[in-house]
Amino acid sequence: MKAAIVVFPGSNCDRDVQVALRQSMRGAPGHDEPIMVWHKDADFEKVDLIVLPGGFSYGDYLRCGAMAAHSPAMTEVVRRAKAGVPVLGICNGFQMLTETGLLPGALLRNAGLKFVCRDVHIRVETSQSPFTGRYQTGQRLRVPIAHHDGNYVADEEELERLEARGQIAFRYCEPDGAVTEAANPNGAARNVAGVFNEAKTVLGLMPHPERLADSALGGADGRPLFDGLVEALS
Amino acid sequence: MKARVHVTLKPGILDPQGKAIQHALGALGFGAVDKVRQGKVIDLEIAETDPEAARASLREMCEKLLANTVIENYAIEIDAGP
Amino acid sequence: MSEAVRPNLARSGEITPEIVAEHGLSEAEYDRVIEVLGREPNLLELGIFSVMWSEHCSYKSSKIWLKTLPTEGPQVILGPGENAGVIDIGEGLAAIFKMESHNHPSFIEPYQGAATGVGGILRDVFTMGARPIANLNALRFGDPDHPRTRHLVAGVVAGVGGYGNCVGVPTVGGEVNFDPGYNGNILVNAMTVGIARKDRIFTSGASGIGNPIVYVGSKTGRDGIHGATMASAEFDDRSEAKRPTVQVGDPFTEKLLIEACLELMATDAIVAIQDLGAAGLTCSSFEMASKGGLGVELDLETVPCREDGMTPYEMMLSESQERMLMVIEPAKEDLARAVFEKWDLEFAVIGRLTDTGRMVLKLNGAVVGDLPIDPLAEAAPEYDRPWTPTPAPAELAPGSVPAPEDMGRALLDLVGSPDLCSRRWVWEQYDHMVMADTVGRPGGDAALVRIHGSDRALAITTDCTPRYCQADPKAGGAQAVAEAWRNLTAVGAQPLAITDNLNFGNPERPEIMGQLVGCIQGIGEACAALGMPVVSGNVSLYNETNGKGIPPTPVIGAVGLVDDIARTTDIAFKAAGEAIVLIGETRGHLGASIYLRDALGRREGAAPPVDLAAEKRHGDLVRGLIRGGRVSACHDLADGGLAVALAEMALAGDLGATIEAPGSAPEDAGETPLHAWLFGEDQARYLVTAPGAEEAAESLLEAARAAGVPAARIGVTGGPALTLPGGAPISLGELRAAHEGWLPRYMGD
């Protein structure tokens, strides 16, 4: 399996996700070091997975992810995603995915208006995807969030379509799995923390699974996401 | 020529910043404020003399980058100059 | 350079006494300017003298005392004098760190003031070749009831977060305190820690006559130029002269600058590098030339400017952010340019090194300023200002301080008070996990940040108790160092070195100077005794309003090393049934305590005595126990004493405890009244829990006995409540509501 991480000016979780991927790939035969692709490079090698990392691409100026969505590498990412190459967008990467239209909806300023960095619980809504295959449907995970604009919006029709097609990947929940308003850290519609495209080859999520993929950091609930991807895409 | 683009949230999209401003205005005694919506103003200078050509180009800029039409509307103002 | 550069500089009569005064120079200092130059300066030159001889750049009031601080040790690679201090952390690596104040700008415009404070200290660290790995912020605000305080808290916290979150460096700790003494002068002290390869440290001393001087980063605007000078004679006929002088931070550009600098530093292109901080281009080019014993010639028309028509004066004094100055190998110019262009940053050769020993400033070929470098630096004023020692307050006997009616109620009040309540509201606005190496998150004694790719970590803390410094500057200075040392020890780290950020009032008042002197003496003694030298620092004076100075606030930022992150601990109670052991001696010192101030509204009494030998002995024991895996939790005792520490441990672990005073009954707590035992702030103390069976607790006490360290079993963990001697159980829910409630409620969330 080969993975590419696209680095934008202002990305700051590129190394973190590289470390998490490397850890899941370690020891498995035929795995290469995840490569870093500079945002100006539209001509990067063929890979099995593309990751859009968290951070503040272009300073989050104008709108989060808006300018990154138009960089040369992104044009290529969109083309490959449409051809079926799996794409994972974390936090700022999720924002880029909605800006390019690869994922429906948009991410607005948090309802509380402040940047929020803390662990939250999310519920896995389906294990039927290359991203969530190592989780059980309904499983609760503890993962950190760190964002100012994670308030997911889409119109009612779109939300109904997402529900009907099983495109909601994760929802913010209580530690026991209950989906409540109190468990929603940013005001996201229907507590949505992550969504798939229709084919479930593109996932965008606000939480950072790469930040709790190592028990030395106080938790490893994010690790199965990367382990599962390596397994599914090898 | 100079142009100004107004980007506003579409009606019905929750605007927490607008709500917060309304709340703050209320606290300052401006209780008559019923609704606040916050938007952006972007000023541009364009090397273009034909207002219609400029407008077409600005529309494309808005659709591609300046506004996210999933959640935002835009309006274009052109100042053809003195 | 030749005599040819000299003519047409002296324009006699241009500089009036008013202009000199506006530049903050005394008459005597101005006489020295004329002596150094051998003529009157022009306005540009006056501006340069003014900033180079300012308190901020020259440390003229504090220098003779700063020289007394211990700055050496086997772990020290570079002490004070460079952009930041450098210490050896083994395995070929160095930690580079410093703390710096941005007090006044943050009071004027809290968001941008705090943001640019973070930006500035980050640059000090990555200038030296380090990748920044952690930020901390020691913040001090006025009375919560003061009308500006809420606005300042909101702005400063948002600014710290706005900048740090965007550059992608975790903000892992710091302090937030409130005191009416800061009503007119808040303190924003920002600290950055970075890691570099020991053999790849970059410094500012220039070398190589003819080498190009390169400007990189953002363009230069009119930011930060002092308002008074902006309005001076030369400018007042220009309508746009009176611009806002607030500096605006651009963390996005800073992030690019970090990456571009580190990328270029991996090559051998850079001879010297210096960030453009206070006094911008003036200070940086001056220091580079001065440290290299060389001269410098700048072509000011090549300086990238944000606005048209900027004058040499504005260019040289601008404090625009996110800029750097480098001397590079001439053959590597193309390589360096390519790196900065890749990151879309300005790159301009603006001058060259010369052998003249002078700073020659040219605009379109004409000399507009010409100053001798060494004489200017050597003639910089240095004052031995008169000082009077702070009178020692009377000791306050524990028994003379009234006890609360209800110990539990008093504890709830304290843990829910502005100074002791949870800072969660603050740190949740800071990305404290980016870089995925934050092992010990905010809320404990010290933050723990893993050294990337290893099992080792740096422990980092900031500390100061201004109450003590006010009562007794020397004891307070020593206590700040001792508490920082304890906080590092309490997570299992070996303390290595400190940076100090000395915030005081007007040093021209002998009583304020006395506070500065006392604190420095205390810091020096503690650093020497605890083997933790000062490697960098910053002095912020004149923090006063209407003749009233701030409480003396020498903030200590300390860094320690953990060899194995598996051999650390935190403050959380881990399991029910574990013995709680109090290490250190408890006499119930209530003078200058939080209990006295917040429960009784009294500010009096002596600061707690600091016994540095005991600190060392107790701390070394505790560190050994943690590293040996013999304790399951550890917390140092500080503000609010034993009771507050117990509450914090219980809340962190979501597990209660039952406490008994030594002796069978509460009234039998030795000579110490119960409330003094619970809330006294005696130093050199820790709380630890012994994991598992009874024997663990016994062996722990035995180890303490063998080390000559007082230790006593005071209770056991377990249950859903904290029960103090003779009191009703306080449920953790009630305790948590009090602890977590105040700050969000105060901020209106």
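A salt bridge, as counted here, is a side-chain nitrogen of Lys or Arg within 4 Å of a carboxyl oxygen of Asp or Glu. Keep that in mind. One more thing before we start: this is a predicted model.

So, how many salt bridges does the rule find across the interface of chain C and chain A? The count is 7. Let me show you one of them. C:Arg441 and A:Asp119 bring their side chains together, with N and O 3.0 Å apart. Check that against the cut-off: the pair qualifies because the limit is 4 Å.

Polar contacts next. Between chain C and chain A there are 14 residue pairs in polar contact, both residues at pLDDT 80 or more. Which parts of chain C touch chain A? Helix H8 (149-167), helix H10 (251-265), helix H13 (333-342) and strand E14 (438-440) of chain C each give at least two residues to that side. H10(C) has the largest share, with 4 residues. Now sort the touching side of chain C by class. You get 14 nonpolar, 6 polar and 12 charged residues.

How much area goes under? First, a general point. The size of an interface is often given as the accessible area lost when the parts come together. For chain C and chain A, that buried area is about 2,400 Å². Carbon and sulfur atoms give 57% of it. Which residues of chain C lose the most area to chain A? They are C:Phe252, C:Glu428 and C:Met433, together 22% of what that side buries. In residues, the contact takes 32 from chain C and 28 from chain A.

On to chain B and chain A. Here the contact takes 16 residues from chain B and 15 from chain A. The buried area is about 1,200 Å², and carbon and sulfur atoms give 69% of it. On the chain B side, look for B:Pro16, B:Leu65 and B:Asn68. They supply 37% of the area that chain B buries against chain A, more than any other three residues.

Find B:Glu72 and A:Arg63 in the structure: their closest N and O atoms are 3.4 Å apart. Polar contacts link 6 residue pairs between chain B and chain A, both residues at pLDDT 80 or more.

What supplies the touching side of chain B? Helix H1 (16-27), strand E2 (39-45) and helix H2 (51-66) of chain B each provide at least two residues. By class, that side has 11 nonpolar, 2 polar and 3 charged residues.

Notes
Residues are numbered from 1 along each chain as its sequence is written. Chains are lettered from A and ligands numbered from 1 in the order in which they are written. This is a predicted model: local features need pLDDT of at least 70, side-chain atom pairs count only at pLDDT 80 or more; totals for chains, interfaces and linings use all residues. Side-chain values use heavy atoms; hydrogens and water are left out. Contact means heavy atoms within 4.5 Å. Buried area is the accessible area (1.4 Å probe) that two parts lose on being put together, summed over both. A polar contact is a pair of N or O atoms within 3.5 Å; within protein, one must be able to donate a hydrogen and the other to accept it, and residues adjacent in sequence count only if both atoms are side-chain atoms. Ala, Val, Leu, Ile, Met, Phe, Trp, Tyr, Cys and Pro count as nonpolar, Asp, Glu, Lys and Arg as charged, and the others, Gly among them, as polar.
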